[in-house]
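Subject: Structure handover

Hi,

Here is the structure for your records. Please open it alongside this email.

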Amino acid sequence: MHMLNLGILAHVDAGKTSLTERLLHTVGVIDEIGSVDDGNTRTDFLALERQRGITIKSAVVSFAVGDLTVNLIDTPGHPDFIAEVERVLGVLDGVVLVVSAVEGVQAQTRVLMRTLQRLRIPTLIFVNKIDRRGARHEEILAKISERLTPAIVPMGEPGELGTRAAHFTPYPADRLRPQLLDPLAGHDDDLLAAYVETGVSYACLRAALVRQTGQALVHPVYFGSAMTGAGVPELIAGIEELLPPATADDEGPLSGTVFKVERGPAGEKIAYARMFSGTLRTRDRLVLRDGQEGKVTAISVFDRGEAVTEASVTAGRIGKLWGLGAIRIGDTIGEPRSAPEGGHHFAPPTLETVVSPVRPADGGALHTALTQLAEQDPLIGLRHDERRGEISVSLYGEVQKEVLQAILADEYGVDVHFRETTPLCVERPLGTGSSVEFNKKDPNPFLATVGLRVDPAPVGSGVGFRLEVELGSMPYAFFKAVEDTVLETLGQGLHGWQVTDCVVTMTHSGYSPRQSHAHQGFDKSMSSTGADFRGLTPLVLTAALRAARSRVYEPMHRFRLEVPADTLGAVLPVLARYRAVPGTTRIDGAACVLEGVLPVVRAHELEQQLPGLTRGEGELECAFDHYAPVAQGAVPDRPRTDLNPLDRKEYLLNLTRRVGG
């Protein structure tokens, strides 16, 4: 039996969940097709998903085609839930990318396709909604070629578009042959040479199509309707023939990845893991993050639409695992796989808001609920301000905020309100700065010597830590305490933002060796401990940062805006007011296309204004691009949640209180 882990990806409202329902019905897994509008689909299981008609959490179902078992993963389409898509990509063998025959290629479709191409994930394109009024054929193919990829192979053509009788007719061999030759020969010199010299048989071209689709070099295109079922049998045949099954080594070393964590009815953690090699069995013990251990108490695998209890989960399959209380999304089962190229597939959240309970007595419940939600979504960053009693949460957009509010109310019984959304800025050092404090020399109250130098590093390099002192000059635990504290302290720079793109070098070190009195134990008042280095490091590092100075950068989107040319006069002043910087402007028929950069915090406002400015015809496509220096107004400061090493007196007082507490 072969396995295929298949993702369904698309822009919101393109029909992913409806297509999932139709696939399950066509292969006989379900007898009745659920409706997104009616809220009774198999994969939108959250009450909020049913109410809003959008997918928020990825869901797994399965079906069989011949000797192929397909684990089908329905993913969110709204860009605010891109973290869900990111986690799924790492476990997929292939993808069906859904495009609407009415709305065409959307902004999120392009973001997804770029990522699929970068990760070389085999992808079929399904143009949905051919039964809807306004459905198009040639124009959609042209837009796919122009805005997604020119390496497409139409596998047939639709007929009676815009009617309930709309259908899809696969090309016979004589019509498909010319469709195949150009895109396939472009990636295969031997195929091109054979065609020029002796001609190429249809069987040879078909084999090349299977091979190049599996290598993500070309992308077959199908048309159809999830509502009527048109084109779906042909899509299923394409999935079976063209997408490569999972490579599996049941006897190899245990290796898997956790891509989803949810809570069961009793609050227990349930982990979804894709196994890449080896076999995981019930009662197996696993070493998890930070050396913690867990024992698998139960396993279920997906089979013909249901999760079935099994004694093990083998390579190539997806299993639900119970008993691993410390498990988190992104954890490795067994041996780690090589990291995907470029790390994160999508940009991290760039917005932040403070969330507060409507009833002050719910503060503890809110903390617990948000902590559990952050376990399920590692890109939800929580920031606790104990002094102000506030919790900040990082976000992708306003819709995510609405959904979070509804989940907290429906699932945890906590009503909350949010403050205004603000951008998540970063700080970068402008130059080099250094500082040092010596053991037993005023004003240093700690039994430690720490010297640090901060140097700027290339954009995108993150944070590095290096030593200019001998590793054997003091116990390794003290070096580790300094490094860990440096990374923690850089979470809040001179203006309270994360400091990035720098290298911190330890230039001085020293300690007081272990002291004891006769017939007595260790005297920590005369001997250095890790606490001395953890206490001193923030003071030295912030002094070095002051000497280096830092600049605050705000997140910027790269935008593509297409509007009717006669509305440009109304649009340009709004772009200027929102601090957008147009880069290029071109006329495309009756439309005007502008590209440039825009502060992330302004993107939602522009999106809301656009329909009124463009008679509802404007299209805005945004994606995070870079961080730019804050150019207008006062430099934004972020309230600190640490002990404030910028104020030495306050820091030492806060530290004393914490230790005393």
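Predicted model: local features only at pLDDT ≥ 70, side-chain atom pairs only at ≥ 80, totals over all residues.

Residues are numbered from 1 along each chain as its sequence is written, and side-chain values use heavy atoms, with hydrogens and water left out.

Overall

The chain has 16 helices and 34 strands. Helices (H or I, at least four residues) and strands (E, at least two) are DSSP runs, numbered from the N terminus. Of the 661 residues in the chain, 53% are buried. Buried means under 20% relative accessible area, exposed over 50%, and partly exposed in between, with a 1.4 Å probe and protein chains only. Take the contacts between residues at least 6 apart in sequence: 73% of them join residues at least 24 apart. Contact means heavy atoms within 4.5 Å.

The six-stranded sheet

Six strands form an open, antiparallel sheet, in the order β16-β15-β18-β11-β10-β19. Two strands pair if DSSP finds at least two bridges between them. The edges are β16 (306–310) and β19 (332–334), each pairing on one side only. On average, neighbouring strands here are turned by 35° against each other, direction ignored. Inside the sheet, β10 (residues 255–263) and β11 (residues 269–277) are antiparallel and share eight bridges. V261 stands opposite A271 of β11.

The four-stranded sheet

Four strands form another open sheet, ordered β26-β27-β30-β28, with mixed pairing. β26 (433–437) and β28 (463–467) each have a single partner strand, so one side of each lacks a neighbour in the sheet. Neighbouring strands are turned by 15° on average, direction ignored. β26 runs antiparallel to β27 (residues 448–456), and five bridges join them. S435 faces L452 of β27 across that pairing. Helix α13 (residues 530–548) packs on this sheet and touches β26, β27 and β30 (502–511). The direction of α13 makes about 35° with that of β27. Axes are lines fitted to C-alpha atoms, for helices over the stretch in contact, and angles run from 0 to 180 degrees between N-to-C directions.

T507 sits in strand β30. T507 counts as buried because its relative accessibility is 19%. Leaving aside neighbours within four places in sequence, T507 contacts G451, L452, R453, E468 and V469.

The helix pair

How do α14 and α15 pack, and at what angle? Helix α14 (residues 568–577) meets helix α15 (residues 600–613) at about 165°, with the axes 11 Å apart. That makes the two helices roughly antiparallel; the cut-offs are under 35 degrees for roughly parallel, over 145 for roughly antiparallel, 65 to 115 for roughly perpendicular, and oblique for the rest. The contact uses A570, V571, V574, L575 and R577 from α14, and R602, L606 and L613 from α15. By class, that contact has six nonpolar, no polar and two charged residues. Ala, Val, Leu, Ile, Met, Phe, Trp, Tyr, Cys and Pro count as nonpolar, Asp, Glu, Lys and Arg as charged, and the others, Gly among them, as polar.

E617 lies in the loop between α15 and β34 (619–629). E617 is partly exposed, at 48% relative accessible area. Not counting residues up to four places away in sequence, E617 touches E562 and P564. E617 and E562 are 55 residues apart along the chain, yet their C-alpha atoms are separated by 8.4 Å.

Best wishes
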